[in-house]
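Colleague: Before we discuss this model, could you put it on the screen and then take my questions one at a time?

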Amino acid sequence: MLSKEEKKLSLVIFKLLKETASQLVVKNFLESKRVPKSAANWDELYEKRILPALNQKKFTVNEFRQLLQQVEEFGRQHTFLFQCDPARAIAIISPTRIKKIAQQEGLDSLLTTPLDLELPEAATIVDIRILHPDHNKTPVSLTIKIVETRITKTFDSELIDHAKGVITKKWKFAKKRAVNIATLDHTGLLELRIASQDNQTKYTNLVKELLIKIRKFIPHDGFNMISLNYAKSRILTDRILLADEIRYSNSTARNDLGAVMQISSSSQEDNLSSDDGSMAALDSFLASDGHVTGTNVYVKIPDTKPQRELHLLISGEVNEFAVPVACSAGEYSYVRGKVIALNK
Amino acid sequence: MFAEKLLPLISSFPQDAEALRRMAEYLGDFESRRGPAVFKIRLNPNRLFDIMQAGSTSRLARLVSILVEGEIIRREVVVRFPSGSGITFESYSDLPFLIRDPDRDIDVRVTEENIEASYILVTNEVS
């Protein structure tokens with residue numbers, strides 16, 4: 001039987017899952033734990049399936065939280081890549097060092113029990129994880145999770161006052177939970193994953209704020225931005241080789257005289273690389289001091305039937321790419337690996 | 001011509017000499033291949049980052065500052081429209097609140113979303 005605290009916690013996790021995931025994701029999880037999964041709606045799913053299964057110890061609250069971590073920590077994010085020397089990374093992610101800093105900051109409890117916050121007043125570190133599977137070796141990575149509350153606005157109505165010559169526009173706003181992740185691995189790769197914004201394309205300030213938030217644990221000096229310029233170009237120039245792996249939607253290029261070229265497929269479902277004329281125009285532009293500034297493609301996830309494709313954008317800052325759709329940890333990892341491999 | 005203009009800067013800023021040398025090589029190569037087209041070079045911060053392999057935004061800012069103070073490049077601000085075209089302004093303070101998008105023939109609000117810095121070479125011609 002769950003304790004009162006565990007029950008309260010499971011409800012918080014459930015509410016967060018409800019905001020982030022589809023019922024199918026939760027039902028697949030229940031199926032993997034051999035728990036009946038039929039339910040007419042979200043509430044029934046919790047009352048009739050999840051809560052009884054937790055009480056019967058078919059899975060633990062911790063496993064339920066891991067589901068939330070997987071769902072909300074991958075996809076619908078913009079990723080920014082940095083690199084430092086591996087020796088520096090290993091020193092930074094040392095468990096002794098991290099524990100000491102966490103104690104100084106009053107965050108040491110997060111090393112064992114993450115905080116399950118819904119809409120914090122200020123950006124808050126809710127989880128600090130050191131992946132250290134073999135204690136005879138150096139840790140693999142350090143992950144810090146930050147939750148913040150964002151406001152999203154949607155246009156509601158406008159009022160025209162003819163007498164005063166004034167139009168008043170009204171927007172409704174809603175508070176939204178945003179999850180940002182910083183992961184430094186032992187090779188020196190620092191990855192900042194920032195939840196996608198609803199109304200803005202620039203992430204410069206969010207990156208700065210995240211770096212400030214984690215600076216005690218991961219000081220930023222010694223890190224260089226990884227320019228993804230080469231990957232952007234290779235995705236296009238190697239398109240014949242990549243035909244089975246990538247579907248092309250649109251690309252933006254700019255030459256050193258400032259001219260801009262944009263090519264888009266007729267719709268997101270089409271593949272631009274099969275349009276010889278468009279591609280020839282782009283090749284010609286790139287051959288004369290042109291550079292790919294943005295590429296919008298679909299990465300085909302291997303061994304999926306029907307074929308699953310994950311949307312990938314590489315544009316914005318030099319070290320930025322985005323997976324703007326929900327995905328699993330494995331799918332995200334595949335796409336990130338593809339971007340890094342293409343950048344070599 | 002422009003590549004040579006960077007030589008004093010390379011000597012004056014030994015800490016940034018390598019990055020400045022890359023910029024000089026880029027300009028020298030461009031000029032040798034495309035001649036007078038070099039006067040029309042227009043680079044955004046991302047391109048400058050890649051050319052000089054700046055590594056970080058703070059270092060890029062320092063390098064750009066050296067190049068601007070050394071009168072190699074000059075900053076302009078471009079309001080970029082969805083078509084890819086743009087309208088150039090001398091500085092951020094010159095930006096209007098609203099601007100006409102000539103490609104779509106509509107007024108567009110100037111915001112952080114549609115402006116970008118752009119760098120051109122400083123030439124000595126009388127304007």
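This is a predicted model: local features need pLDDT of at least 70, side-chain atom pairs count only at pLDDT 80 or more; totals for chains, interfaces and linings use all residues.

Modeller: Residues are numbered from 1 along each chain as its sequence is written, and chains are lettered from A and ligands numbered from 1 in the order in which they are written.

Colleague: Which element gives the largest share of the side of domain 2 of chain A that touches domain 3 of chain A?

Modeller: The domain assignment of chain A gives domain 1 (4–72), domain 2 (75–225) and domain 3 (229–342), with bounds that come from an automatic or database domain assignment. The centres of domain 2 and domain 3 of chain A, taken over C-alpha atoms, are 26 Å apart, and the contact takes twelve residues from domain 2 of chain A and 14 residues from domain 3 of chain A, where two residues are in contact if their C-beta atoms, placed from the backbone, lie within 7 Å. The side of domain 2 of chain A that touches domain 3 of chain A divides into five nonpolar, six polar and one charged (Ala, Val, Leu, Ile, Met, Phe, Trp, Tyr, Cys and Pro count as nonpolar, Asp, Glu, Lys and Arg as charged, and the others, Gly among them, as polar). The largest share of that side, eight residues, comes from strand 1 (residues 75–83) of chain A, strands being DSSP runs of E of at least two residues and helices runs of H or I of at least four, numbered from the N terminus.

Colleague: What is the orientation of helix 1 of chain A to helix 3 of chain A?

Modeller: Helix 1 (residues 4–20) and helix 3 (residues 42–55) of chain A pack with their axes 11 Å apart and at an angle of about 140°, the axes being lines fitted to C-alpha atoms over the stretch in contact and the angles running from 0 to 180 degrees between N-to-C directions. Their contact is made by A:Ser10, A:Phe14 and A:Lys18 of helix 1 of chain A and A:Trp42, A:Tyr46, A:Ile50, A:Leu51 and A:Leu54 of helix 3 of chain A, which divide into six nonpolar, one polar and one charged. Angles under 35 degrees count as roughly parallel, over 145 as roughly antiparallel, 65 to 115 as roughly perpendicular and the rest as oblique. The angle of about 140° therefore makes helix 1 of chain A, relative to helix 3 of chain A, oblique.

Colleague: Is the crossing of helix 1 of chain A and helix 4 of chain A left-handed or right-handed?

Modeller: Helix 1 and helix 4 (residues 61–72) of chain A pack at an angle of about 20° with their axes 10 Å apart, and they are therefore roughly parallel to each other. By class, their contact has nine nonpolar, two polar and three charged residues. A crossing is left-handed if the near helix is turned anticlockwise from the far one by less than a right angle, and right-handed if clockwise. The crossing of helix 1 of chain A and helix 3 of chain A is right-handed, whereas that of helix 1 of chain A and helix 4 of chain A is left-handed.

Colleague: How do the residues of the contact of helix 4 of chain B with helix 5 of chain B divide by class?

Modeller: The axes of helix 4 (residues 45–52) and helix 5 (residues 57–69) of chain B come within 10 Å and cross at roughly 95°, and the two helices are therefore roughly perpendicular to each other. B:Pro45, B:Leu48, B:Phe49 and B:Met52 of helix 4 of chain B make the contact with B:Leu60, B:Leu63 and B:Val64 of helix 5 of chain B. These residues divide into no polar, no charged and seven nonpolar.

Colleague: Which strands of chain B stand at the edges of the open sheet?

Modeller: Four strands of chain B form an open sheet in the order 1-6-2-3, with antiparallel pairing, two strands being paired if DSSP finds at least two bridges between them. Strand 2 (residues 73–80) and strand 3 of chain B pair over four bridges, and B:Val77 has B:Phe89 in strand 3 of chain B as its bridge partner. Each edge strand has a single partner strand, so one side of each is left without a neighbour in the sheet; they are strand 1 (42–43) and strand 3 (86–89) of chain B.

Colleague: Which residue in the turn between strand 4 and strand 5 of chain B has a positive phi?

Modeller: Strand 4 (residues 98–101) and strand 5 (residues 106–109) of chain B run antiparallel and are joined by four bridges, with B:Leu98 opposite B:Arg109. The two strands form a hairpin with four residues between them, and the turn residue with a positive phi, of about 55°, is B:Asp105.

Colleague: Which elements give two or more residues to the side of chain A that touches chain B?

Modeller: In the contact between the chains, 14 residues of chain A meet 16 residues of chain B. By class, the side of chain A has four nonpolar, eight polar and two charged residues. The elements that give two or more residues to that side are strand 6 (224–225) and strand 8 (260–264) of chain A.
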